[in-house]
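This briefing reviews selected features of the structure shown below, grouped by topic.

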Amino acid sequence: MSYTLRKALQGLLLILGVTFISFLLMVWFGPDQTYTLIGKNATPAQIQEVRQTLGYDRHFLARYADYLVELLTLDLGASTSSGEPVSGMLARTVPVTLALMLPGFVLGNLLGVTLGMAAARRRGQWSDRLISGLSVTGMSISFLIIIIAFQVLLCTPYGLDLFPVRGWQVTDLPSYLRYVAVPSFALIFVTLGYNTRFYRAVFVEESARDHIRTAHAFGASPAVVMWKHVLKNSMVPIITRIMFSIPLVIISGSLLIESYFGIPGVGKITFEAITNGDQPVLKAVVGLTAAAFVLIQLAADLLYRAVDPRVA
Amino acid sequence: MSTPVLSVQELSVTLRLGRQMLTVVDGVSFDLRAGEVLALVGESGCGKTKTAEALLGLVPPGLGSVRAKRIDLGGKDLAVLGEPAMRRIRGREISMVFQEPLTALDPVFRAGQQLASVLRRHLRCGRTEARAASLDMLRRVGIADPERVLDSYPHELSGGMRQRVIIATAMACRPRVLIADEPTTALDVTTQAQVLAQLTALTRESGTAILLITHDLGLVAQYSDRALVMRRGRIVEDTLVGELFRKPGHPYTAELLATAVGLARPPAGRDAAGPTP
Amino acid sequence: MISSSAGYAAREVPAPTRDRGAAERIWVRLRDDRSGMIGLVVVGLFLAVAAAVWLGLAGQGWSAADGGRWEPAGPQHWFGTNVLGQDVFQRAIYSVRTAFEIGLAVALLSTALGAALGALAGWYSHGWVDGTVLWLMGVLDSIPFFLFVAAVAYAMQGQPWAMHLAMIATFWTTTGRLVRAEVMKLKTREFVLAARSIGLPAPLILARHVLPNTVHILLVQSTIAFVAAIKTEVILSFLGLGVQDGVSWGLMLAESTQEVLAGHFNNFLAASVMLFALLMGFNLLADALQDAFDPRQGTP
C-alpha cells in the first residue's frame, strides 16, 4: 500500500514541478498581454480593467493556484488566436496525432527489437557489423533532412510522386494509408538506428548472463535461447525504453512532422501557439503532457510487475 | 578393464583476447570410467572450466577455438559432431552443473518450467508426464516439498535449493557423464555436505560418472576415486586419490598439498582472482 | 583480470604477459579502432575549419548577396547561390563555426552541470539532496523539449542565448543520472572510505577522488551531447526558435524546404552533407570512446 502511495506522491510532485516551471516561464516571465488586447491608445481606466481581468494584479502564488485549478477542472479557456475552446481543440487534434504517430512508433520499435536481436545473435560477424554500421549512419542524419528528402523522393515529380505532399484528408482506410505513409517512413527511419543499437546492447548484455549458459548447457537451440530466455529477461529495459520514449517521439516528433506536412494534430497547434504566443493552448498542452508522463510511469510499473516476478 | 565412458584425447582450447591468442587448455587427455568420480583439481585460472565447456561444445566460436584428436563418448566422436547433434547430447548424455547456483536459473520462469522443458525436449514427453517426472526428480535430490519448489520462482528459493533443482535437471535424463564445476563453492558448509551427499547417491544409483572440478582438496579426498591435477592448461598428475595424497608424483602436486592447511580450503592468497566472474 | 567478450562470462583466464597501465590500455584500444580514428580525423578537420572561420580566414562572405538567384554550382560560387544570391558554400562553411559554438557550449556546460549535480545526488543518496535532484531530473525530462525552449525564449524576451540555455538545462539529466549511479558505486570503494576516515571534507573527496573516476562517463556523454545539440539546433532553427543571427545548417535547411519543391537542391545538399559528415564523425568517435573504456559491450 505504501508503495502505491509513494508513487502517487511522486507523480503529484512531478506534475507540480512541471506546471510550476511552465507557469513561471510562460506566464510570469511571459509577454504582457494587456496591450495586445486593447491596443496602444487606451485610457488608464481601461488598462486597469484589462489587467484585472487577466489577473496581473494578483499575487504570484495566487495566479499559480488559479492555473492549477484551471487545469484540474479542465477549464482550459479559449485560444487567443482563434477563439476556439481549447478543450475542443484537444479533442479534435489528439486522435489525429495518435493516428499519425503510433504506427511509425510501434513499427520502429518492433523492427528495432528484431534487428537488435539478429545483431546480438550474430555478434562479431559481418551481419552484426553491417547492422551496427547502418544504425550509426541512421543516427547521424537529422530528422529534418529525412523529412525533406522523403518528401522530395516520394511525393514530388523529382522522385516517385506516389504520396500526397502535405495534408490530412482522411476519410477511409486507403486515404489514411496514403497520408500516414511518408510520415511513418520518416519516423521509422530516424528512430530505427537508435532503437536497434539500444536493443542490441540489451540483448548482448543479457546473453552474457549465467542462466543463458545454463540454457545452452541443457541443449536449448539458439533460437529458443534468444526468443524465450533473452527476450523475456530483457523486457524490463525494453518497457522502460518504449514507455519513456513516448513523450519524446510522439510529442516532439509530432511537432515537427505536423508542421512540416500540415497535419492538424496536437503538434501543429502547439507550434502555432508557440509562434502566436497563444498561452491557453500552451498551458493546456503542458498540463496534458505532464499528466501523460505520470500515467506512463504508472503503466510502466504495472507492466514491470507483469513481466518480472522479482518486482515486488 | 572396462572401456571408459568418456575418453578425451589431446584436447586444446585457444582463446582470442584482443589481439592475442592464449592457449588455456593444452593437449589434455584423460579417461573417465563408468560410475567413477574423477576429480579435476587445480588453481583458479588453470583451465579446468574451459576444459569442461570444451567437452560440451560451449566455447563460442567468436571467443576461441577448440581442437581435439578425439573426444569419445560411447563410440561417438564429440570433436567432430555438428551443433544439432551436440544439442541432443547436452543435458541428456552429458550434463553440467555450474558454480553459481544463485544465477544459474532463469529468474523469470518458475523452477518447474525450466526442469520440465529439459525433460520435454530430450525425452519428448507430454506436459503431465514431465510434471510427474520433475516432482520425482526433486524428491530424489532431497527436496521435501517438491510441489512448492516446482511452482516457485528462483528468487524465492535458497542457494542450496536452487543448486538441487539444477542437479535434478542435470540428472533427469540419466546422463552418462555429469560434469560438476565447483558445485558447492558458493554454498555454506552444511548445505555443501548435503548437496554433495545427494549428488553422489544419485549418480551411484544411475551409474553416472562424475567429473568433479574443484580446487578444494578436502572434497577430493572425501568424494573422488581418482584425481587429475591441472596446471597452466596441462595435466600434471593422473592417479588414484590415495596415491595422490600419499605419494604425489609431480612437484606441483606436492606444492598444492603443502599449501592446503590440513584438508581445509587453500588459503585466500592463491585463489585471489578466484571463481567470482 | 581480463574479462571475456562475446557470449559467456569466462571464468579462468591466464594473466596477461605484461600488465600495462589502465590509461595506456584504453589509449591502445582507441588507437586500434579504425572507425574511431576516422571519426577523430573528421572531427579534427571540421574543428580546423571552424577555427579558420573564427580567425577570419574562411567563410567570411556568407552574407554577401552578390550572385544571381539560385545560380548553379560554378567557379564563382562553388555550390551556387540561394534565393538571395548568397554563396551557399560560404554559408555552409560559416555554419561549421556556428555548429561548434553551440555544440561545445552545450556539451561542456551540460556535462559539467550533470557531473556536479549527479555527484551531489550520488554522494548524499537517498537523502533530501538526492530526492530533490531526482525530482528536478524527472520534471525536466517530462517537459516537452520544444515547449521548454519556447518558454525560455519567451522568458528571455528573445535573447540569442535562449536556445543554448534551454539545451543545457535539459541535456544535463542523462549525464546526471549516470554520474549519480557511478558515485553511489564508488562511495563504497576502499579509497573513498580511506579518504573519509582521515577526515577529508566531502567536496574535496568528490572533486579529487570520485569525479576523476567518472571521466570515462563524462567524455562519452559530452560527445553525445555535442551531437544532440547540433541536431536540436537544426530543428529549432526550422521552427524559428534557433539561431537568430548568422547562419547555420539548420537555417539553410529551413530555407531549403520551400526551394526543393521547385527543384533547387543546392542549399539542401550542402547543408545535409556537411551536417551528416560531422555527426557521423562524432558518432564514430563516441562509439570508439565507449568501446575503449568498456570493451565488453561493443562489436569486437
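**Overview of chain C**

Read along the sequence, chain C has the pattern α-α-α-α-α-α-α-α-α-α-α. The model is a predicted one. Chain C holds eleven helices and zero strands.

- Along the principal axes, the C-alpha atoms of chain C fill a box of roughly 75 × 50 × 35 Å.
- Chain C has 300 residues, of which 48% count as buried.
- Among the contacts in chain C with a separation of 6 or more, 66% are accounted for by residues 24 or more positions apart.

**Helix packing in chain C**

Two helices are described here through their packing against helix 3 of chain C, namely helix 2 of chain C and helix 4 of chain C.

- Helix 2 (residues 34-54) of chain C packs against helix 3 of chain C at an angle of about 100°, and their axes are 8 Å apart.
- Because angles of 65 to 115 degrees count as roughly perpendicular, helix 2 of chain C is roughly perpendicular to helix 3 of chain C.
- On the side of helix 2 of chain C, this contact involves F46(C), L47(C), V49(C), A50(C), V53(C) and W54(C). They meet I93(C), Y94(C), V96(C), R97(C) and F100(C) in helix 3 of chain C.
- By class, the contact of helix 2 of chain C with helix 3 of chain C consists of ten nonpolar, no polar and one charged residues.
- Helix 3 (residues 88-123) of chain C and helix 4 (residues 128-142) of chain C have axes that come within 7 Å and cross at roughly 140°.
- That angle makes helix 3 of chain C oblique to helix 4 of chain C.
- The crossing in which helix 3 of chain C passes helix 4 of chain C is left-handed.
- In this second contact, L117(C), L120(C) and A121(C) of helix 3 of chain C meet V129(C), D130(C), V133(C) and L134(C) of helix 4 of chain C.
- The residues of the contact between helix 3 of chain C and helix 4 of chain C comprise six nonpolar, no polar and one charged.

**Contacts between chains**

- Chain C places 42 residues in contact with 50 residues of chain A.
- On the side of chain C that touches chain A, the elements giving two or more residues are helix 4, helix 5 (145-155), helix 9 (215-239), helix 10 (249-259) and helix 11 (266-293) of chain C.
- Helix 11 of chain C supplies the largest share of that side, nine residues.
- The side of chain C that touches chain A divides by class into 29 nonpolar, eleven polar and two charged residues.
- Chain A has 18 residues in contact with 23 residues of chain B.
- For the side of chain A that touches chain B, helix 9 (210-217) and helix 10 (222-233) of chain A are the elements that give two or more residues.
- Helix 9 of chain A gives the most to that side, with six residues.
- The side of chain A that touches chain B has three nonpolar, eight polar and seven charged residues.

- Strand 1 (residues 6-17) of chain B pairs with strand 4 of chain B in the antiparallel sense over four bridges.
- T14(B) stands opposite S65(B), which lies in strand 4 of chain B.
- Side chains alternate along strand 4 (residues 64-67) of chain B.
- Helix 1 (residues 48-55) of chain B is largely enclosed by the rest of the structure, because eight of its eight residues are buried.
- The buried residues of helix 1 of chain B are K48(B), T49(B), K50(B), T51(B), A52(B), E53(B), A54(B) and L55(B).

**The surroundings of C155(A)**

- C155(A) is placed in helix 7 (residues 143-155) of chain A.
- C155(A) counts as buried because it has 20 C-beta neighbours inside 10 Å.
- Not counting residues up to four places away in sequence, C155(A) touches D161(A), F163(A), P164(A), V165(A) and V182(A).
- C155(A) and I21(A) are separated by 134 residues in sequence and by 41 Å in space, C-alpha to C-alpha.

Terms used:
Residues are numbered from 1 along each chain as its sequence is written. Chains are lettered from A and ligands numbered from 1 in the order in which they are written. This is a predicted model: local features need pLDDT of at least 70, side-chain atom pairs count only at pLDDT 80 or more; totals for chains, interfaces and linings use all residues. Axes are lines fitted to C-alpha atoms, for helices over the stretch in contact, and angles run from 0 to 180 degrees between N-to-C directions. Angles under 35 degrees count as roughly parallel, over 145 as roughly antiparallel, 65 to 115 as roughly perpendicular and the rest as oblique. A crossing is left-handed if the near helix is turned anticlockwise from the far one by less than a right angle, and right-handed if clockwise. Two residues are in contact if their C-beta atoms, placed from the backbone, lie within 7 Å. Ala, Val, Leu, Ile, Met, Phe, Trp, Tyr, Cys and Pro count as nonpolar, Asp, Glu, Lys and Arg as charged, and the others, Gly among them, as polar. A residue is buried if 20 or more other C-beta atoms lie within 10 Å of its own, exposed if 12 or fewer, and partly exposed in between; C-beta atoms are placed from the backbone. Two strands pair if DSSP finds at least two bridges between them.
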